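The sequence and the model are shown first.

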Amino acid sequence: MRNLKELSTASNQIPVHGVRKLMNESEKFSDVIHLEVGEPNVNTPDYIRTEAVKAMENEITHYTPNAGLLSLRNSIKKHFHHKYELEVSEKEIAVTAGAVNALSISLMAIANKEEEVLIPEPSWPNYESILFMQGSIPVKYDLKPDNNFIPDFSQLETLVTNKTKAIMINSPNNPTGAVYSKETILALIQFAKRHNLYVISDEVYDEITFENTHYCAKNFDDDGRVISIFSFSKSYAMTGWRVGYAIGSESLINAMTKLIEPVISCAPSFAQKAAEAALTGSDEFLIEMRDIYLRRRDNVYKILNENDIKAYKPGGTFYMLIDISPTGLTSNDFAMRLLHEKKVAVGPGETFGIITKKMVRISLATADGELEEGVKRISDFINENHNEQNSKINS
Ligand code: PLP
């Protein structure tokens with residue numbers, strides 16, 4: 001038989017997401033506590049689901065414009081006016097199949113092959129994968145725990161070359177839970193202006209903040225270099241519906257809209273109607289979920305503290321990073337052993353970057369009882385595997 005030709009470089013370069021690996025491995029067991037998954041543990045609210053059914057009955061089952069239904073873009077416009085006091089026109093909005101689609105087409109619209117894009121380290125692994133997919137080069141900037149997981153501006157300055165096209169930022173941040181202050185967002189935009197870079201601002205956790213306020217980067221854009229990206233997935237428990245959107249200058253949105261055609265053509269039509277219902281409905285669900293995540297965050301943090309385990313309290317999102325350095329294990333080994341020995345699945349920090357290689361990420365979007373039991377088992381595992389030598393080295 002003839003050997004087939006090799007598959008593309010991109011398909012070889014893209015790693016299997018570490019969290020997916022854990023999910024796949026956990027299928028071998030029936031009684032696993034899942035703290036690795038990044039999605040709400042509740043169903044999409046009724047008032048949103050009802051609208052999708054109504055839309056299907058009213059024959060909203062066809063293609064929509066590439067940039068999304070005008071009625072949804074109008075609702076986004078009103079939402080922005082109300083939430084961020086930001087005036088945008090429908091020509092500055094593109095509705096996409098989830099934020100991941102908005103991120104990939106915005107990068108496709110901005111960066112060519114071999115051009116560089118600054119991305120955070122640690123970060124959601126898909127940033128790097130998207131750049132690999134299009135042959136652009138990810139250049140990582142640090143988000144270190146001793147700098148409260150915010151960018152180090154002196155390091156950023158050293159990373160810019162004549163091939164740098166954009167910087168990606170993410171606040172509230174996955175996996176660190178950091179929520180950037182207004183000053184940090186402003187400084188990032190100033191940095192981008194100094195070097196004439198685009199700013200792609202991933203704001204999918206904008207509705208999940210605790211003590212801190214979320215500042216939308218687009219609000220501070222005075223020359224059309226910022227794209228802010230949002231999603232219905234996390235805030236409205238709509239991960240499977242695949243609706244997100246980007247806000248940018250008319251020319252950027254035009255370019256992105258052209259790219260939507262060959263990539264996805266449009267986001268699902270009835271899901272767009274459901275998203276419209278989400279935005280125009282009451283904020284009750286958002287407030288309720290925020291309170292639940294906050295309560296869980298404080299409870300988990302307390303349990304870990306009582307067990308002498310270091311964790312990083314998130315200011316937003318539903319993730320928490322836990323320090324596993326006293327065990328001396330790599331986060332991949334830690335996560336695999338924890339799964340096999342304690343039946344708890346967590347996100348290995350290595351999936352997100354080197355800075356988090358001695359940490360694991362847990363999700364607070366898990367039912368209270370399970371979350372508490374999972375965190376107790378993690379605490380036991382860390383304390384049972386406490387390696388004196390390692391804890392000295394790391395202290
Ligand atoms: N951005 C970040 C930081 C995420 O964590 C995720 C999902 O986990 C996404 C984007 C993708 O969201 P969506 O479901 O809207 O594609």
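The numbered points below treat the ligand, the pocket and the cavities in turn.

1. Basis of the note. This is a predicted model, in which local features need pLDDT of at least 70 and side-chain atom pairs count only at pLDDT 80 or more, while totals for chains, interfaces and linings use all residues. Residues are numbered from 1 along each chain as its sequence is written, and side-chain values use heavy atoms, with hydrogens and water left out.

2. Shell around the ligand. The ligand is surrounded by 14 residues (each with a heavy atom within 4 Å of it), and the closest are Ala 99, Asp 202, Ser 231, Ser 233 and Lys 234. By class, six are nonpolar, five polar and three charged (Ala, Val, Leu, Ile, Met, Phe, Trp, Tyr, Cys and Pro count as nonpolar, Asp, Glu, Lys and Arg as charged, and the others, Gly among them, as polar). Helix α5, residues 98-110, gives the most to this shell, with three residues (helices are DSSP runs of H or I, at least four residues, numbered from the N terminus).

3. Asp 202 places a polar side-chain atom 2.6 Å from a ligand nitrogen. Taken alone, the ligand exposes 390 Å², of which the protein buries 93% (Shrake-Rupley method, 1.4 Å probe).

4. The largest pocket. The ligand takes up the space of the largest pocket (more than half of its atoms lie within 2 Å of the grid points). A pocket is an open set of points on a 1 Å grid over the protein atoms alone, with protein on both sides within 12 Å along at least five of seven lines; a cavity is a set where a 1.4 Å probe fits but cannot get out, and lining residues have an atom within 4 Å of a point. The pocket volume is about 650 Å³ (the space filled by probe spheres set on the points, which are joined across faces, edges and corners). Of its 28 lining residues, Arg 20, Gly 38, Trp 124, Asn 126 and Lys 234 are the closest to the centre. Helix α5 gives the most to this lining, with four residues.

5. Cavities. The structure holds two cavities of 30 Å³ or more. The largest has about 70 Å³ of space, and its lining includes His 79, Asp 206 and Ser 231.

Technical notes: Polar contact = N/O pair within 3.5 Å; in protein donor to acceptor, adjacent residues only side chain to side chain. Helix = DSSP H or I, 4+ residues; strand = E, 2+ residues; numbered from the N terminus.
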